[in-house]
Amino acid sequence: MDLSDLESKLKESQSSRMRLVVTDGVFSMDGDVAPLTGICDLAEQYGAMVFIDECHATGFLGPRGRGTDELLGVMDRVHIVNSTLGKALGGAAGGYTVGPKPLIDLLRQRSRPYLFSNSLPPPVVGSALRAVELLLASNEISQSMTAKTMRFRNKMTEAGFTIAGSAHPICPVMLGDARLASLMADDMLKLGVYVIGFSFPVVPKGKARIRVQISAAHTNEDIDHCVDAFIQTGRKHGVVS
Ligand SMILES: Cc1ncc(COP(=O)(O)O)c(C=O)c1O
C-alpha cells in the first residue's frame with residue numbers, strides 16, 4: 001500500500017537484472033485494494049515486472065469480475081497473476097498462475113505443488129469450470145455483489161459500526177477488543193449468522209474485528225437479517241446505541 005516505500009526498494013535494487021513487484025490485489029484482513037496504477041507506473045519507470053495475487057478479487061471485482069487489475073484499468077500492465085479456485089469461484093480447492101509462457105514452462109518443472117502432488121480432483125475442476133462459464137456468460141453476478149456489498153456497508157455504518165476498507169465484499173466490522181469480537185461472533189451464531197472474529201496475531205493488537213464476507217448468493221433479506229443481528233448483539237455489548 002506504500003508507494004514511496006516501493007520506490008525506495010526499486011531504487012536500492014537498480015543493479016539487479018530482473019525485478020518483480022509482488023502484491024496482493026486486495027489485502028484479506030482489511031479489504032484494502034492495492035494502488036495498482038501507482039505500482040504499475042513505478043514498475044515501468046524502474047523496469048520491473050508486476051505480479052498480483054488475486055485470491056480476494058477473482059470472479060467479482062471490476063465491472064466484469066476479472067479482478068483488481070480490471071477494477072483499476074491496468075489489465076495490460078500486470079505481467080503475472082495467480083489466484084484460487086477455492087474462494088469466490090467456490091470450487092473448494094486449487095488455483096492457477098497466468099503469465100508469460102517461459103514462466104509457465106518453468107513453473108511446470110519447478111512448482112512443488114504442481115509437480116509433486118496429486119492433481120485436482122475432477123469434480124473440483126468441473127465446478128470451477130462451471131463457475132467461470134457463468135462469469136463469462138453474464139456480468140450480473142459480479143455487479144450484484146457490488147450492490148449487496150454497499151447495502152451491507154451503508155446500513156452498518158448508519159447503525160454506528162465502523163467497517164474497514166472500501167467497497168470490497170470483505171467487510172471487517174472493527175471492534176478493537178479480541179474478547180468482544182469472539183463473544184459477539186458467538187452471539188451472532190445464536191441469531192443464525194455465522195461470522196468469525198479475528199484477533200492478534202492474525203491482525204495487529206487492538207484491531208480485533210469480525211470479518212464479514214458478502215456473497216452473490218445472499219439475498220437482500222439475508223443482508224438485512226445480518227445487519228439486524230449485528231445491531232442486536234452490538235447493543236448487548238455496548239458497541240452501538
Ligand atoms: C492472498 C491469498 N493468496 C493465496 C491463498 C491460498 O489460496 P488456496 O487456499 O487456494 O491455496 C490465500 C488463502 O487464504 C490468500 O488469502
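How many salt bridges does the rule find across the interface of domain 1 and domain 2? The rule finds one across that interface, and a salt bridge in this predicted model joins the side chains of Asp30 and Arg209, with an N to O distance of 2.9 Å.

**Domain layout**

- The protein is divided into two parts, with domain 1 covering residues 3–137 and domain 2 covering residues 140–236.
- Taken by their C-alpha centres, domain 1 and domain 2 lie 26 Å apart, and the contact takes 15 residues from domain 1 and 16 residues from domain 2.

**Interface between the domains**

- Domain 1 and domain 2 bury about 1,100 Å² between them, and 61% of this area is on carbon and sulfur atoms.
- On the domain 1 side, Met29, Asp30 and Phe60 supply 50% of the area that this domain buries against domain 2, which is more than any other three residues supply.
- Between domain 1 and domain 2 the count of residue pairs in polar contact is six, with both residues of a pair at pLDDT 80 or more.
- By residue class, the side of domain 1 that touches domain 2 consists of six nonpolar, six polar and three charged residues.

**Ligand surroundings**

- The residues around the ligand are Asp24, Asp53, Cys55, His56, Thr84, Lys87 and Gly94, and this shell divides into one nonpolar, three polar and three charged residues.
- In the case of Asp53, an N or O atom of the side chain is 2.7 Å from a nitrogen atom of the ligand.
- For Thr84, the distance from an N or O atom of the side chain to an oxygen atom of the ligand is 2.5 Å.
- Lys87 places a polar side-chain atom 2.7 Å from an oxygen atom of the ligand.
- On its own the ligand has 400 Å² of accessible area, of which the protein covers 50%.

Note on methods
Residues are numbered from 1 along each chain as its sequence is written. This is a predicted model: local features need pLDDT of at least 70, side-chain atom pairs count only at pLDDT 80 or more; totals for chains, interfaces and linings use all residues. Side-chain values use heavy atoms; hydrogens and water are left out. Domain bounds come from an automatic or database domain assignment. Contact means heavy atoms within 4.5 Å. Buried area is the accessible area (1.4 Å probe) that two parts lose on being put together, summed over both. A salt bridge is a side-chain nitrogen of Lys or Arg within 4 Å of a carboxyl oxygen of Asp or Glu. A polar contact is a pair of N or O atoms within 3.5 Å; within protein, one must be able to donate a hydrogen and the other to accept it, and residues adjacent in sequence count only if both atoms are side-chain atoms. Ala, Val, Leu, Ile, Met, Phe, Trp, Tyr, Cys and Pro count as nonpolar, Asp, Glu, Lys and Arg as charged, and the others, Gly among them, as polar. A residue is near a molecule or strand if one of its heavy atoms lies within 4 Å of it. Accessible areas come from the Shrake-Rupley method with a 1.4 Å probe; for residues, only the protein chains shown count as cover.
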